[in-house]
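The sequence and structure come first.

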Amino acid sequence: MHERDTGAAVPEPEAPVESISPAALRERIDRGDPVTVLDVRTTSDFEEWHLEGESVTVENRPYYEFLEAPGLPEDLPRGDPLVVVCAEGDASDYVAGELRSAGRDAVTLDGGMAGWARIYDRNEIAGYDGPGVLYQYHRPSTGCLSYLLVDGGEAAVVDPLRAFRDQYVEDAAALGADLVYAIDTHCHADHVSGVTALAKEGVTGVVPEPTTQRGMEADVDLLRIEDGDELIVGAATIETRHTPGHTSGMSSYLVGESVVLTGDSLFVDSVARPDLEAGDEGAPEAARQLYRSLQERILSLDPDVIVAGGHTAPSDSPGSDGTFTARLGALVDRMAVLSKSEDEFVEHVLADMPPRPANFEQIIAANLGKQSVDDEEAFRIELGPNNCAAGHGTSTG
């Protein structure tokens, strides 16, 4: 017997079950192949987070429908094959087995949505022309983006995820470098940061000084940097630019005078939401801070500087180099919100905020060191969409 999502037992599938790996499914979606998904998690879990993509058709039918009635539910979708998905792969094994027993072409997603959440890609930012090489990491399940700068036998990671802390060290080593810095742009609300975990392994952990004013309680020494401070990696310079708005401590980093890592201030299709730290009452003033940060600290840069944000949306398409980046001038041309007056900007941002990220208060508490979570719990609470943008498609607003 398998254990289903609610803890109740799910019968073993009667027919042999074939599976598709998360990596293979990702390749199909990236190629634009039609993919039909039957998500058998509870409706609430499905509505919170599910597979998406331009070529993806997804339908939710909770697994208990397959347990409570004889035969298969009517009007089930068909796929080539139909990909059955649950939380960790057990309930979908049973459902896919029932479908195959009925002569349907069905497979189960190996590891379920938890397996999907372990996909982590790395691509070089081709347009970066500063010292060394700059890479972007992408976690498609949540849209989180991180960065690895490598030059002269040294490396720095920006906005590392705790779930992948070992990968940064291993990748740096494979590239002939030691990981010397682990840097956060701000106190994240959608994932558990890897900065403190890496600092405990001998890497210099770096956080913006204003973040510590929120009562950060780190149990390891961290370097606290302020506006204008610089970090040196090989011959490359990382310049700190304080860009509050999304949070009071939000900082962007200009790397090699070529790429600005904007964290959650500016994305390739939207701007930050201002309410996760400030709350509903403080959101209007935080939105005004964001406006000033963008106008004075980001949009004042050379139009050829590449903008590389902290997140991407499922609807975003990567560039030819596989990264989610864009030239600053191109963003200004296509995102009307960046040319609005301050009052218009604030009104637009406050009117275009999605639901807050799942478990965001617990994640913030963990990142401030106010709540301890082990690796398993950290991985669980950060599953789901990041929702750190004010809204996507703001280019037309």
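The model is predicted. In it, six strands form an open sheet in the order S15-S16-S17-S18-S19-S20, and the pairing is mixed. The edges are taken by strand S15 (230–233) and strand S20 (326–327); each has a single partner strand, so one side of each is left without a neighbour in the sheet. Strands of a sheet pair through backbone hydrogen bonds, in either a parallel or an antiparallel manner. The parallel sense applies to strand S18 (residues 259–263) and strand S19 (residues 306–309), which pair over four bridges. Within S19, Val307 is the residue opposite Val260.

**Salt bridges**

Side chains of opposite charge can pair when their charged atoms come close. The structure holds 22 salt bridges, and the table lists some of these.

| Salt bridge | N to O distance |
|---|---|
| Arg162 and Asp375 | 3.1 Å |
| Arg214 and Glu277 | 3.4 Å |
| Glu285 and Arg292 | 3.2 Å |

Which parts of the chain does the pair of Arg162 and Asp375 link? The side chains of Arg162 and Asp375 meet in a salt bridge. Arg162 lies in the loop between strand S11 (154–158) and helix H6 (165–174), whereas Asp375 belongs to helix H13 (residues 375–381); these are distant parts of the chain, 213 residues apart. Arg162 has a relative accessible area of 16%, which is under the 20% limit, so this residue counts as buried. Asp375 is partly exposed, because its relative accessibility is 42%, between the limits of 20% and 50%.

A salt bridge also forms between the side chains of Arg214 and Glu277. This pair again links distant parts of the chain, 63 residues apart: Arg214 is in the loop between helix H8 (209–212) and strand S14 (223–225), and Glu277 is in the loop between S18 and helix H9 (279–298). Glu277 has a relative accessibility of 30% and therefore counts as partly exposed.

In the salt bridge of Glu285 with Arg292, the closest N and O atoms are 3.2 Å apart. This contact is part of one network, in which salt bridges that share partners join Glu285, Arg288, Arg292, Glu342 and Asp343. Glu285 is partly exposed at a relative accessible area of 45%. Arg292 also counts as partly exposed, with 32% relative accessibility.

Notes: Residues are numbered from 1 along each chain as its sequence is written. This is a predicted model: local features need pLDDT of at least 70, side-chain atom pairs count only at pLDDT 80 or more; totals for chains, interfaces and linings use all residues. Side-chain values use heavy atoms; hydrogens and water are left out. Two strands pair if DSSP finds at least two bridges between them. Helices (H or I, at least four residues) and strands (E, at least two) are DSSP runs, numbered from the N terminus. A salt bridge is a side-chain nitrogen of Lys or Arg within 4 Å of a carboxyl oxygen of Asp or Glu. Buried means under 20% relative accessible area, exposed over 50%, partly exposed in between (1.4 Å probe, protein chains only).
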